[in-house]
Amino acid sequence: MLFRLIKKITKNFGVFAALFFGIILSLVIINSIAIYGNSLSDMLLQKELSKYETKFKETAGSVSVSYFNSDINSGFSEEIRDSYISILSKTNMNIEPGRIMATANEGAVWKEAESYNPQEYFFCSDYDLISIKNFENHVEIIEGRMFNESFREEDKNIIEVLVDKTTLLNLGFNIGELYRIELLNIPTISRVIDEIERVDKMRISKNYLKIVGVYEFKENDLFWRKGIWDNSRNHFIAKENSLSLLCEKESKKLHFNREYFINLSNLKYSERMDFIKKIDQINSHFNEVNTAFSINVYDLLIKDNNEMKLVNNMLWIIQIPLLVIVFLYILMITGIIVDRDKDEIALLKSRGATQIKIIGNYVFDGLVIMAVGLVIAPFLSLKLARYMSITDGFLQFNGEVSNNIYLTTKNIYLSLLTCIFFLGALIIPVVKASKESIVNRKLSKVRIRFSTWKKSFIDFIFIGVSLYGLYSFKNTQKIVSTVEVDINSISMDPIIFISVITLTLGLSLLFLRIYPYIIKIIFGIFKKIMPAHIFVSFSNLGRKVGKREYTMLFIMITISIGIFNLKIARTINTNVIDNIKYINGTEIKMIGNWNKEKIKNLKTKINRETYTTADFLAGLPEVFKEATNFIEPDFNQYKELESIEGATKVLKIQKTNLAFSYVDYKDIQMVAIIPDEYGKVAWMREDLTPIHWYNYLNILAKEPGAIFLSSNMKNKLDLVKLEPGKLVKIEIDGFTELFVFGGYIDYWPEYVDKESELIIGNFNYIYSKLARKPYEIWSKLREGKTYDDLLNEIKEKDINIAGIQKVDVDVNLSIYLKAINSSITISFILSMFITLIGFLIYWCICIKERELQFGILRSLGLKIRKIYTMIFIEQIFVTGVSLIIAVFIGKIVSNKFLPIISQIVFGEKLAIPVFDYITKYDYLLIMGIFVVSVIFVLGIILRYVSKIRIDQAIKIGED
């Protein structure tokens with residue numbers, strides 16, 4: 001059987017090479033989607049871990065193991081560290097030990113006074129008294145000295161401690177002074193005050209803290225990476241054995257905290273649940289020995305991430321049409337192979353071969369081809385996945401190659417499933433051919449048969465399936481709006497994911513159903529005036545439609561899906577950018593360094609009788625009252641920056657009161673702008689307002705006392721008949737002014753929270769009535785300049801700014817964009833390439849079959865240029881018509897399903913409505929690529945036709 005296959009491949013090498021290409025491509029596409037999906041999921045997981053570290057300022061994977069021990073030496077032992085590492089190593093991750101800390105029972109620090117007066121002391125409870133193993137090796141003393149061993153002085157236990165600069169300032173302590181410390185036993189919050197009363201009356205403590213120095217962390221020392229260290233609290237750091245002296249008579253033991261860092265940089269999203277199971281087992285082990293165990297990212301890892309589901313859903317939605325194109329391609333090639341073998345199959349059947357035997361031969365052929373494909377496909381899949389990883393825009397390959405590209409067992413299952421599926425595409429035409437005897441085969445050559453898909457109304461079935469998909473998605477939307485959940489958090493009907501291709505197929509097949517009648521009508525009208533060669537062309541168009549239907553179907557599906565994919569890419573990319581611009585309001589925001597002129601700094605004692613439990617728990621040792629006045633920085637220094645194009649002042653007042661008639665609003669945000677400058681640097685899409693938003697700026701410029709209100713205030717103000725032109729009373733920072741109401745706005749740059757009220761006013765008019773207060777500086781980069789250029793210029797000119805912000809893409813949205821752009825780009829390129837090959841194969845076979853016809857026409861005196869004209873006319877009515885219809889189908893599919901894709905991708909993530917983007921240049925891009933491909937194929941065909949010799953053609957006829 002193997003020799004028979006080799007002989008067939010040798011005889012029909014071109015066709016088998018095309019089939020082998022289709023099988024390989026199908027395996028590569030399926031596997032690359034899975035590989036790239038895993039890569040994006042892993043990337044998204046690592047981004048989530050990175051976001052966690054940024055938000056909470058602690059290392060993701062930080063582990064805390066807490067226990068009590070009366071002996072500090074035992075608690076700090078290396079044996080415990082190593083035993084815990086061996087337990088944590090069950091996660092199969094790299095484990096790094098961190099700090100070991102011993103903490104004394106939390107209590108209060110009291111100022112020691114020579115004459116005790118309960119009304120004139122302060123205390124602090126918001127602190128940790130701790131010892132840290134090897135602490136002195138990782139800090140630098142910036143004031144005072146390093147601590148020594150604790151000691152006894154008369155009846156006092158004096159513990160030398162170090163503090164950081166923040167703790168010293170927060171508590172108002174002084175270096176060298178003694179502070180009494182009480183280790184309070186406070187089981188419930190309600191007993192806080194009672195416990196304070198008890199300590200005040202007894203004053204039994206002999207434990208004292210002596211602050212001997214101020215430290216700071218050594219720069220870039222991994223010892224201080226954020227783990228169980230809490231920077232929000234005050235810290236007193238004592239020598240390792242000091243706490244033993246402090247706690248020797250206490251009923252509670254020392255509390256030890258050991259931290260470890262699990263390196264999660266190589267954790268894969270698909271492996272996270274196995275990791276969580278191991279963490280749960282470790283937790284159970286520690287619970288058995290009365291030891292508290294926790295990992296900080298447990299909740300993040302255990303929850304299902306809807307964004308990751310979305311990424312994978314989008315990959316498959318976009319690639320399904322490509323897989324259908326590949327399937328049709330394989331079906332066409334196998335049809336050609338079987339069509340050439342039909343005489344041989346009929347002959348075998350007439351000699352007694354069973355249908356199973358005939359089908360078995362082709363199954364063997366398919367298995368051999370697919371076995372070779374299974375060997376080659378993994379390498380090509382990894383290669384394609386890497387190319388997908390470097391796409392950072394539609395048809396843009398400027399990104400970095402991902403190192404996180406790997407095969408999994410899932411790829412084996414997908415490959416086997418793909419082989420079974422596409423083996424069916426090989427067997428379908430064989431089953432049909434194996435039913436024909438040699439007599440039926442001879443008759444079939446002269447019969448015109450009605451296509452099977454036409455008799456079974458596949459086109460209407462496909463259209464019905466797609467309409468059901470639309471209906472199903474609308475029902476899903478109703479559920480989402482009712483229960484108010486993310487659409488990606490609920491299961492969607494799988495038909496939704498195939499509805500795009502079913503509608504495309506259905507409409508394409510529907511056109512192919514009516515296309516022969518269009519040809520007949522044209523032929524019937526013009527046949528009496530047609531030249532002979534044109535007459536022959538239309539006769540060919542009306543006969544043997546099988547291969548032509550495949551070609552037209554390829555073209556219509558490829559172009560329409562290309563338009564759909566391009567529209568998805570343009571719409572999603574542009575809407576994400578628009579949303580980011582809208583949320584930020586402008587490209588660059590700065591805040592100048594507004595110095596405060598301190599008028600007085602009064603330190604006030606607290607009366608303990610009025611000191612509440614809440615104050616105690618908040619750890620507020622004192623109250624400072626400051627009267628301040630802001631010194632405005634020079635605004636011209638920002639306007640003169642060469643890296644930016646224009647700058648304007650934007651004042652935001654958070655608490656503004658509005659009143660009209662009996663309706664009033666409290667604590668509204670007011671944004672005051674300079675209209676002409678604001679319009680040059682702020683960004684808002686034109687369609688968001690009923691009229692261009694510049695008209696609102698013009699009103700503010702002509703009428704400085706005008707204001708605009710957000711639309712969520714309209715319902716209440718309509719009751720009192722507030723209309724444009726009427727006066728509204730507004731209170732700002734204690735002064736009240738009447739403003740002219742200009743109208744309502746639904747959207748405004750940076751206005752995201754539609755539940756909050758907003759007032760827009762004129763900066764110069766409002767600011768002239770207020771005390772100096774900080775405002776933002778909005779600007780945009782000059783063309784050709786970068787954000788780094790701006791930062792360097794600010795540094796060179798020594799401009800002091802308090803803060804700067806630039807437009808930035810959200811991490812999750814950047815992953816979505818990467819997934820969508822890469823998937824659409826690869827799908828577009830491969831679909832065009834497949835269509836080009838299918839198109840070339842069709843025309844080569846078509847011309848080969850018509851060699852006799854061309855030879856006879858040439859022998860009758862028909863010139864070669866008229867042969868070319870015949871081919872050109874057929875191209876117009878096959879390729880040209882398909883291209884035009886494909887554009888219309890692409891528009892229909894895009895209009896129907898783009899809202900679905902937008903809803904799946906964005907949900908409620910965008911602050912502004914989704915706008916459909918596609919330009920005439922996008923259509924020209926697709927059609928241009930296709931026309932170039934057609935010209936290339938046409939050149940090959942015409943060259944082949946020009947070399948046909950009449951004597952060879954006549955010989956073919958004799959044979």
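Reply: Let's start with pairing: two strands pair if DSSP finds at least two bridges between them. Strands (E, at least two residues) and helices (H or I, at least four) are DSSP runs, numbered from the N terminus. This is a predicted model, where local features need pLDDT of at least 70, side-chain atom pairs count only at pLDDT 80 or more, and totals for chains, interfaces and linings use all residues. Residues are numbered from 1 along each chain as its sequence is written, and side-chain values use heavy atoms, leaving out hydrogens and water.

Me: In which sense do β6 and β10 pair?

Reply: Strand β6 (residues 139-144) runs antiparallel to β10, with five bridges, and E143 stands opposite V214 in β10. Strand β8 (residues 156-164) pairs with β10 in the parallel sense over eight bridges; there, I159 faces L209 in β10.

Me: How many residues of β10 are buried?

Reply: Buried means under 20% relative accessible area (1.4 Å probe, protein chains only). Eight of the 11 residues of β10 (residues 207-217) are buried, so the strand is largely enclosed by the rest of the structure.

Me: Which residues have the most contacts inside the largest nonpolar core?

Reply: In soluble globular proteins, nonpolar side chains tend to be buried together. A nonpolar core is a set of buried Ala, Val, Leu, Ile, Met, Phe, Trp, Tyr and Cys residues joined through side-chain atoms within 4.5 Å. The largest one here has 138 residues, and L19, Y329, I333, F538 and I559 have the most contacts inside it. Helix α10 (residues 306-350) gives the most to this core, with 22 residues.

Technical notes:
Buried < 20%, exposed > 50% of the residue type's maximum accessible area, 1.4 Å probe, protein only.
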